[in-house]
Amino acid sequence: MSLPRPRPRTLPLVEPIVPVLRAEPFDDPAYLFEPKYDGFRGLVHLTRESCLIRSKRGFFLTRFGELEPKLREHLLAWEAILDGEIVSLDQTGRPMFHDLFAARGPVAYVAFDLLWVDGRDLRGLPLEERKARLERVLPEDTNDLLKVLTVEAHGRHLFDAAQRLDLEGIVAKRKADPYASETVWYKVKNRACTQAEGRSELFRGRGR
């Protein structure tokens, strides 16, 4: 019988921001726009003792345990909480959700936010500043740890690119917002995305 995995001892449990659906893409200089990676949302908890990944519902993502020591090796911090997405990428860098779900091929973590670093809670800072601090704890992109692409102001152009690349869509985040329960992120779905096909069958009888 295996023992339960320990919780991070010094880091707070974080309620992740869940994007709300918006019908159409938009442009706005007050916003940052990111491609929506098709994978499993994961919050990395790095401490001196461990590196664990929790789902947006608070469960430990033990099926991706092989990622944890790699993230610990790459991150340039003693302790941190990162928000991001666990993905399986094809040779062109496109997320392949069906491969991820079926545990086919290597997995990577795409980081898009930094909530805590070396004793400091960053959640009250504006997104723009958290992004700058995230850059400091991430190395150059590796096979295991990647930075999310971020575009300022031009959401429509990024959405057009997401459609051409057959991605799930984009996410819009206000640059001045903290990481808080009242903060709203918007997601705009690419309704023509081919990877949406068969998704309901994958999750029938299972929670994500």
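**Figure 1. A predicted model and its confidence.** Local features here need pLDDT of at least 70, side-chain atom pairs count only at pLDDT 80 or more, and totals for chains, interfaces and linings use all residues of this predicted model. Residues are numbered from 1 along each chain as its sequence is written, and side-chain values use heavy atoms, with hydrogens and water left out. The mean pLDDT (the predictor's confidence in each residue, from 0 to 100) is 89 for the protein chain, and 89% of its residues reach 70 or more. Over residues 201-208 the pLDDT falls below 50, yet this stretch has 14 contacts (heavy atoms within 4.5 Å) in the model beyond near neighbours in sequence.

Figure 2. A pocket is an open set of points on a 1 Å grid over the protein atoms alone, with protein on both sides within 12 Å along at least five of seven lines; lining residues have an atom within 4 Å of a point. Of the 15 lining residues, Tyr-37, Gly-93, Pro-95, Leu-165 and Leu-167 are the closest to the pocket's centre. Helix H4 (residues 155-164) gives the largest share of the lining, three residues. Eleven lining residues are nonpolar, two polar and two charged; Ala, Val, Leu, Ile, Met, Phe, Trp, Tyr, Cys and Pro count as nonpolar, Asp, Glu, Lys and Arg as charged, and the others, Gly among them, as polar.

**Figure 3. The largest cavity and its lining.** In a cavity, a 1.4 Å probe fits but cannot get out. The whole structure holds one cavity of 30 Å³ or more, and the largest cavity has a volume of about 40 Å³. Look for Lys-36, Tyr-37, Asp-38, Pro-95, Asp-166, Leu-167, Glu-168 and Gln-195 around this cavity. Its lining has three nonpolar, one polar and four charged residues.

**Figure 4. Ala-30 and its contacts.** You can find Ala-30 in strand E2 (residues 27-35). Ala-30 is partly exposed, with a relative accessible area of 30%; buried would mean under 20%, exposed over 50%, and partly exposed lies in between (1.4 Å probe, protein chains only). Ala-30 touches Lys-173, Arg-174 and Lys-175, leaving aside residues up to four places away in sequence. Although Ala-30 and Lys-173 are 143 residues apart along the chain, their C-alpha atoms are separated by 8.5 Å.

Terms used:
Helix = DSSP H or I, 4+ residues; strand = E, 2+ residues; numbered from the N terminus. Points joined across faces, edges and corners; volume = space filled by probe spheres on them.
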